[in-house]
Amino acid sequence: MSIHQYTANYLTFTREDWASLRDSVPMTLGEDDLEKLRGINEHISLQEVRDIYLPLTRLLNLYVKTRQGRSAVLDDFLLRDRTIKAPFIIGIAGSVAVGKSTTARLLQALLSRWPEHPRVELVTTDGFLYPNQVLNERDLMRRKGFPESYDIRSLVRFLRDIRAGEEKVYAPVYSHLSYDITGEMKCIEQPDILILEGLNVLQSGMDYPQDPHRVFISDFLDFSIYVDADTPALEKWYVDRFMKFRSSAFLDPDAYFHHYTLISEAEAVKTAKKIWREINGKNLGENILPTRDRANLVLKKYDDHAIDAVVLKK
């Protein structure tokens, strides 16, 4: 593993050094909790939660408390009702198959156990992809996950309403089984923290030349995390995950990718590598990896999925 790409703008911590910053943060998850939070191809352990995620939640808690204090000062100055709640928004970005969804679920579970911010909601930007019908009409199905496949205006409106402290804000729901928007809406009711997870969380105006506007997701984030790994490892993890889905979720006749269970294992591996090469790997190189330097913090994973270094922007 190499971390030479991080510049003097960052502080780089080994796993041991980062773990020492946990201070007295208690462990509030057990093995049963962790089992429910793991992704299909994740091997995260309670020790990694202790070493990596407890210090991270301590840092985030300090940021949240500082933000809450600033908001109270502004409310006092403006003679404004303090019942208006603008949540602290955390963005989590990274490649397909890197494990950012597991990171998001873990942070949601851990942060919700802090008394200062018990209401923690998690939303993925997958829900703001255009429906398959629209993607087909625009010949974008093989560009799913690329910037042009998102209804970025709806996503920005969602974040604008969240930031304004609206009592109820609705986010569309995406199904990985049907590989499409479901029509269901998730109601978000004034959380203390909103975690927004997705490929495009750190993208800005330069990433959307086909849909120019001035406000982007990153404008709403209070803190951002990029889950990182070397590209060969990501490709292997994607293929491994694809094969595990092939022997589980894809077996459902209603699954969008059910037809991949009808071909040989060798053909399935070949197909997964082709999808990575032509879609996910290409999107990583063109649109996702270039946003890494915008993150406040990078979690660097080694070949075995374990986080081996933490890189914090000064």
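In helix α4, the buried residues are K100, T102, T103, A104, L106, L107, A109, L110 and L111. Buried means under 20% relative accessible area, exposed means over 50%, and partly exposed lies in between (1.4 Å probe, protein chains only). Helix α4 is mostly covered, with nine of its 12 residues buried. Helices (H or I, at least four residues) and strands (E, at least two) are DSSP runs, numbered from the N terminus.

This is a predicted model: local features need pLDDT of at least 70, side-chain atom pairs count only at pLDDT 80 or more, and totals for chains, interfaces and linings use all residues. Residues are numbered from 1 along each chain as its sequence is written, and side-chain values use heavy atoms, with hydrogens and water left out.

**Two helices and their spans**

The expected span of a helix is 1.5 Å times one less than its number of residues.

| Helix | Residues | Number of residues | Expected span | End-to-end C-alpha distance |
|---|---|---|---|---|
| α6 | 152–163 | 12 residues | 16 Å | 16 Å |

Helix α6 has its own buried set: I152, S154, L155, V156, F158, L159 and I162. These buried residues pack against β2, β3, β4, β5 and β6. Helix α6 lies across β2, β3 and β6, running at about 165° to β6. Axes are lines fitted to C-alpha atoms, for helices over the stretch in contact, and angles run from 0 to 180 degrees between N-to-C directions. After α6 comes G165, with a positive phi near 80°.

**The sheet**

An open sheet has seven strands in the order β1-β9-β8-β7-β2-β6-β3, with mixed pairing. Its edge strands are β1 (10–14) and β3 (120–124), and each pairs on one side only. Two strands pair if DSSP finds at least two bridges between them. On average, neighbouring strands of this sheet are turned by 20° against each other, direction ignored.

Strands β2 (residues 88–94) and β7 (residues 223–228) run parallel and are joined by five bridges. G94 stands opposite V227 in β7.

Helix α3 lies across β2, β6 (193–197), β7, β8 (297–301) and β9 (307–313). Helix α3 runs at about 20° to β9.

**The cores**

A nonpolar core is a set of buried Ala, Val, Leu, Ile, Met, Phe, Trp, Tyr and Cys residues joined through side-chain atoms within 4.5 Å. Which members of the largest nonpolar core touch the most other members? They are Y53, F158, I225 and L297, out of 89 residues. Helix α3 (residues 46–78) gives the most to this core, with nine residues. A second, separate core has five residues, including Y130, L135, L140 and M141.

Contact means heavy atoms within 4.5 Å. Neighbours within four places in sequence aside, I225 is in contact with L56, I90, G91, I92, A93, L107, A295, L297 and L299.

L54 lies in helix α3. L54 counts as buried because its relative accessible area is 1%. Leaving aside neighbours within four places in sequence, L54 is in contact with R22, V25, P26, M27, V49 and L110. L54 and G183 are 129 residues apart along the chain, and their C-alpha atoms are separated by 36 Å.

D228 has its place in strand β7. Is D228 buried or exposed? Its relative accessibility is 2%, so D228 counts as buried. The side chain of D228 makes a polar contact with the side chain of R292, at 2.9 Å. A polar contact is a pair of N or O atoms within 3.5 Å; within protein, one must be able to donate a hydrogen and the other to accept it, and residues adjacent in sequence count only if both atoms are side-chain atoms.

**The β4–β5 hairpin**

Strands β4 and β5 pair in the antiparallel sense over six bridges. A171 has K186 in β5 as its bridge partner. The two strands form a hairpin with four residues between them. In the turn, Y179 has a positive phi of about 60°.

L177 is found in the loop between β4 (169–175) and β5 (180–188). L177 is partly exposed because its relative accessible area is 34%. Not counting residues up to four places away in sequence, L177 touches A249, D252, D254, A255 and Y256. L177 and R160 are 17 residues apart in sequence and 29 Å apart in space, C-alpha to C-alpha.
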